[in-house]
Amino acid sequence: MASIFTKIVNGEFPSYKITEDENFYAFLDVNPNAIGHTLCIPKKEVDQLFDLDEATYNGLFEFSRKVAKALKKTVSCKRVGLSVIGLEVPHVHVHLIPLNEMKDATFTHKVSLTTEEMEKLAKEIATNL
């Protein structure tokens, strides 16, 4: 059964897409820790990070780096943190989280944005790629 992320990549579920290429897809997290919290995923569905083939593993981090740099240009923050946990969706994903305080990285502190704010933010980040 396809993961929710595979369904997003396939256009079956909506997302606030930032960018994509042949192998990877970046979109805003709908339950963000901070404004701009972004997920980067390989389009190929693999459950665990260290099960990725070497090219996909390296490509995911190259892709995530580009997105993180655009995110840093767009959202006011001290740094962009990176987290890979993988318990909530069985599809490899990298969290890019704008950090100003440690609580932004805890996954217990959440922020809310309107649909319009999410759409605008995704476009702004994409513009800075």
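**Figure 1. The whole chain at a glance.** The protein chain exposes about 7400 Å², of which carbon and sulfur atoms supply 52%; accessible areas here come from the Shrake-Rupley method with a 1.4 Å probe, and for residues only the protein chains shown count as cover. Please keep in mind that this is a predicted model, in which local features need pLDDT of at least 70 and side-chain atom pairs count only at pLDDT 80 or more, while totals for chains, interfaces and linings use all residues. Residues are numbered from 1 along each chain as its sequence is written, and side-chain values use heavy atoms, with hydrogens and water left out. The protein chain has three helices and five strands, where helices (H or I, at least four residues) and strands (E, at least two) are DSSP runs numbered from the N terminus. Along the sequence they follow the pattern α-β-β-β-α-β-β-α. The radius of gyration of the protein chain is 14 Å, close to the 14 Å from the globule rule for 129 residues, so the chain is as compact as a globular protein of that length. For this comparison the radius is taken over C-alpha atoms, and the rule is 2.2 Å times the number of residues to the power 0.38. Along the principal axes, the C-alpha atoms fill a box of roughly 35 × 30 × 25 Å. Of the 129 residues, 42% count as buried (buried means under 20% relative accessible area, exposed over 50%, partly exposed in between, with a 1.4 Å probe and protein chains only). Among contacts with a separation of 6 or more, 56% come from residues 24 or more positions apart; a contact means heavy atoms within 4.5 Å.

**Figure 2. The largest nonpolar core.** In soluble globular proteins, nonpolar side chains tend to be buried together. The largest such core here has 23 residues, and those with the most contacts inside it are Leu 28, Cys 40, Leu 60, Leu 96 and Ile 125. A nonpolar core is a set of buried Ala, Val, Leu, Ile, Met, Phe, Trp, Tyr and Cys residues joined through side-chain atoms within 4.5 Å. At least two residues of this core are supplied by each of strand S2 (24–28), helix H2 (54–74), strand S5 (94–99) and helix H3 (115–127). H2 gives the largest share, six residues.

**Figure 3. Leu 96 and Ser 64 up close.** Not counting residues up to four places away in sequence, Leu 96 touches Gly 36, His 37, Thr 38, Cys 40, Ser 64, Val 67, Ala 68, Leu 71, Val 80, Gly 81 and Leu 82. Leaving aside neighbours within four places in sequence, Ser 64 is in contact with Cys 40, Val 94 and Leu 96.

Figure 4. Ring pairs link Phe 5, Tyr 25 and Phe 27 into a cluster. The structure holds five aromatic pairs, counted where rings of Phe, Tyr and Trp (its six-membered ring) have centres within 6.5 Å; planes under 30 degrees apart count as stacked, over 60 as edge-to-face and the rest as tilted.

Figure 5. Four salt bridges are counted, each a side-chain nitrogen of Lys or Arg within 4 Å of a carboxyl oxygen of Asp or Glu. Lys 43 forms one with Glu 20, their closest N and O atoms being 2.7 Å apart. This pair links distant parts of the chain, 23 residues apart: Lys 43 is in the loop between strand S3 (38–42) and H2, and Glu 20 is in strand S1 (residues 17–20). Both are partly exposed, Lys 43 at 24% relative accessibility and Glu 20 at 32%. Lys 17, Glu 20 and Lys 43 are linked in a network of salt bridges. Asp 53 and Lys 44 also meet in a salt bridge, at 2.5 Å from N to O. Asp 53 is partly exposed at 33%, and so is Lys 44 at 44%.

Figure 6. The side chains of Glu 124 and Lys 120 meet in a salt bridge with an N to O distance of 3.3 Å. Glu 124 and Lys 120 are four residues apart in helix H3, so about one helical turn separates them. Glu 124 is partly exposed, with a relative accessible area of 32%, whereas Lys 120 is exposed at 53%.

**Figure 7. Phe 107 in its loop.** Phe 107 is found in the loop between S5 and H3. Its phi is near 65°, a positive value in a residue other than glycine. With a relative accessible area of 26%, Phe 107 is partly exposed.
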